[in-house]
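Visitor: I am new to this structure. Please take one part and walk me through it closely.

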Amino acid sequence: MMISIKSTFRHIPVLAVIASFIFTSCASRKDIVYFQNASDYETIRSSNSQTNKFKIDDVLSIHVSTLDPQASLPFNLYKGAEEGGVRAEQVDYIVDKSGEIEFPVVGSIKIAGLSPEEAKVLLKEKLSTYLKDPIVNIRLKNFTVTVLGEVNRPGTYAVVGEQITVLEALGLANDLTIKGRRDNVMVIRDFNGTKVYNRVDLTTKESLNSPVYYLTQNDVVYVEPNKSAVTSSALDNRASIWVSIASVLITSTVLIITRN
């Protein structure tokens, strides 16, 4: 009788693994394929456009130039001194809690809520009092997106340029894992302290026209696990519990046999 009990418990871990495999290996095409309703040679005109707006805590690089380099010098601040032919690093501007930057000579400028082009126009107007035909270049230096959840390489990624799509962000993270839910990808967006949650169904072509298809700075993309991953996790936990119980029972049985 004791041998039968031990034999039964010896097979519990194996049975748990087999059950886990059976229940978690039943994913279908509709769960993992992108853009399933897109036809061959179909043309989709995107009605979605995204122009990034500057937000509080954004870090900006602003450079002013004119035909007379000496005239524009007071409007370009540098830290450190020029040494060995290496130019000193230009000072960046941080959008403060009031949505403003403090620009040399000009003073405070309200920039939060403006696009880069709108900010250029505003700054040129401010500078026209001091400079003739100023050229203004503005670049957002802290454009990052964060990709979390069921992707192959979660993390925060710096964006080169002024635009990135949710697909490109997922590409930076080496795509979704097979356990990632493709029909309910969440994009978390911050508007000066207010969080807005949007969901994208990447299994349909309509996702290309989602209001969050184009990401903005500091967006978070979260891929939740699919049913297969959730089931697998639950079965793994149950298997661990059964293995623990089996270990206790086997240990107790061995002690009883030894004492007898």
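Guide: Start with a facing pair: L60 stands opposite Y93 in strand 4. Strands here are DSSP runs of E, at least two residues long, and helices are runs of H or I, at least four, numbered from the N terminus. This is a predicted model, where local features need pLDDT of at least 70, side-chain atom pairs count only at pLDDT 80 or more, and totals for chains, interfaces and linings use all residues. Residues are numbered from 1 along each chain as its sequence is written, and side-chain values use heavy atoms, with hydrogens and water left out.

Two bridges join strand 1 (residues 59–65) to strand 4, and the two run antiparallel. Strands pair if DSSP finds at least two bridges between them. An open sheet of three strands has the order 4-1-7, with antiparallel pairing. Its edge strands are strand 4 (93–94) and strand 7 (135–140), each pairing on one side only.

Now I62. In contact (heavy atoms within 4.5 Å) with I62, leaving aside neighbours within four places in sequence, are residues including Q90, Y93, F103 and L123.

Q90 is found in strand 3 (residues 89–90). Its relative accessibility is 17%, so Q90 counts as buried. Buried means under 20% relative accessible area, exposed over 50%, partly exposed in between (1.4 Å probe, protein chains only). The side chain of Q90 reaches the backbone oxygen of I62 at 2.7 Å. A polar contact of 3.4 Å also joins the side chains of Q90 and N76. Such a contact is a pair of N or O atoms within 3.5 Å; within protein, one must be able to donate a hydrogen and the other to accept it, and residues adjacent in sequence count only if both atoms are side-chain atoms.
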